[in-house]
Amino acid sequence: MLILGIETSCDETAAAVVENGKDILSDVISSQIAVHMPYGGVVPELASRKHVEMILPVIDEALNKADISADRLDAIAVTQGPGLVGALLVGLCTAKAMAFALDKPLIAVNHLEGHMHAAFLGRETIAKPFVCLVVSGGHTALYRVDTDGQVKFLGTTRDDAAGEAFDKVAKLLNLGYPGGVVIDKLAANGNPTTFQFPKAYLEKDSLDFSFSGIKTAVANFVRRFGPPANASEGASYRLEDVAASFQEAVVDVLVNKTILAAKVTGVDEIAVVGGVSANQRLRRRFEEEAGYLGLTLHLPALRYCTDNAVMIAAAGYTVWKRTGFVQDIMDLDAVSRWFY
Ligand code: KG4
Ligand code: ZN
C-alpha cells in the first residue's frame with residue numbers, strides 16, 4: 001500500500017511516500033523558519049502563503065525521490081487538523097484535488113496521531129499498549145494508546161504548551177526563533193540547579209499540565225535582574241544557567257507526569273513525541289527513568305520529532321485499517337481544534 005503523506009498544519013510544508021505504513025521511500029520537508037524568524041514566532045498568514053508556494057514542488061520532489069509517478073499511489077493521507085486553519089487548508093485542498101484528478105482514495109489524519117507514529121516508524125504493528133506524551137509547540141498531552149490505535153485521553157495543558165513555553169522564554173531572553181533548539185544548546189553548558197523556577201504539578205495525581213507560570217517567572221526574573229547581557233558587559237547571571245534551570249523545571253514535570261500516567265494505566269511502555277521530544281535533556285532524563293523503572297521507552301529519531309509527512313503517511317495506514325477511506329472527499333474540511 002503506497003501512501004503519499006501531506007503535512008501543512010503549521011510552518012513546515014512536507015510530503016513523503018511510505019509503503020505499508022513503515023518503509024520510507026521519500027521524505028521532503030520545506031521549512032519556513034527563515035520566513036517567521038524576523039517576527040519571533042509563526043505568522044499564520046505568511047505560513048499559508050508559503051505553503052501555497054511550496055506545496056506542489058514539495059510533492060513533486062517526494063514522488064521523484066520515491067521514483068514513482070502519482071498514478072501508482074494507492075492513497076493520499078493528509079493532515080486534517082489540528083493546526084492553523086489557513087495552513088491546513090493548503091494541504092487539504094491539494095490532497096482533495098489530487099485525489100479527485102487521479103481518482104485515488106483519501107485518508108484524513110489527526111496531526112497528533114501522526115506524531116504518535118513518529119516513535120514507531122519502520123514497524124508495521126505496535127506490539128503493546130503504551131502511554132504517549134505528545135509535547136510540541138501547540139500541544140502537551142498524555143494519552144493511552146492501544147495496539148489498534150484507539151486512544152484514551154489522560155490529560156493536557158490548561159494553558160501554554162511546553163514548546164510554546166520554550167519559544168516564549170527564548171524570546172524573553174532575546175535568543176531568537178525557534179526557541180526550543182537554542183535553549184537546548186545553551187542549557188548544555190549551564191547549571192540546572194542555579195535558579196528554582198516553579199514546577200506546576202497541580203492537584204495531587206493530576207495528569208494535566210500548566211506552563212504559563214514558569215513563563216511569567218522567567219519574565220519576572222528578567223525584569224528583576226535586567227535584560228540578558230554578555231559576561232563582558234557585566235551580566236549578573238549566566239544565560240546558560242537560566243536556560244538550564246528553566247529547562248530542568250519543564251523536563252521534571254513532563255517526565256514525572258508521564259511516569260505517573262504509565263503507573264495509573266498499568267502499561268509498561270511509554271512514547272514521547274512532538275517537537276520538544278528532540279530536547280537532549282528530556283531524552284536523557286526519560287532514558288534514565290525508564291531504565292530505572294524497567295519501562296520500555298520509544299523516542300522518535302531526531303528528524304521525526306518535529307513536523308514531517310512521513311508520520312502522516314504512517315498514521316494514514318493505521319487510520320485506513322481502522323476506519324477506511326474518507327467517503328465524501330469534497331465535504332472534508334480542515335479542523336483547527338481537534339480534541340483527541
Ligand atoms: O511538533 P512541532 O514541529 O510543531 C507542532 O506541532 O507544534 O514542534 C515545534 C516545537 C517548538 O515549540 C520548538 O521550540 C520545539 O518544538 N522544539 C524544541 C526542540 N526542538 C523543537 N523544544 C525543546 N528542545 C528542542 N531541541
Ligand atoms: Zn506537530
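**Notes on the sheet and the zinc site**

1. The strands here are DSSP runs of E of at least two residues, and helices are runs of H or I of at least four, numbered from the N terminus. β1 (residues 2-7) and β4 (residues 75-81) pair in the parallel sense over four bridges; pairing requires at least two DSSP bridges between two strands.

2. Please keep in mind that this is a predicted model, with local features needing pLDDT of at least 70, side-chain atom pairs counting only at pLDDT 80 or more, and totals for chains, interfaces and linings using all residues. Residues are numbered from 1 along each chain as its sequence is written, chains are lettered from A and ligands numbered from 1 in the order in which they are written, and side-chain values use heavy atoms, leaving out hydrogens and water.

3. The open sheet has five strands, ordered β3-β2-β1-β4-β5, with mixed pairing. β3 (23-31) and β5 (106-110) are at the edges with a single partner strand each, so one side of each lacks a neighbour in the sheet.

4. Now to the zinc ion (ligand 2): His111 (NE2), His115 (NE2) and Asp307 (OD) coordinate it at 2.0 to 2.1 Å. Donors are N, O and S atoms within 2.8 Å of the metal (3.2 Å for Na, K and Ca), and water is not among the atoms, so sites may look incomplete.

5. Both His111 and His115 belong to helix α4, four residues apart, about one turn of the helix. His111 counts as buried at 5% relative accessibility, and His115 is buried too, at 1% (buried is under 20% relative accessible area, exposed over 50%, partly exposed in between, with a 1.4 Å probe and protein chains only).
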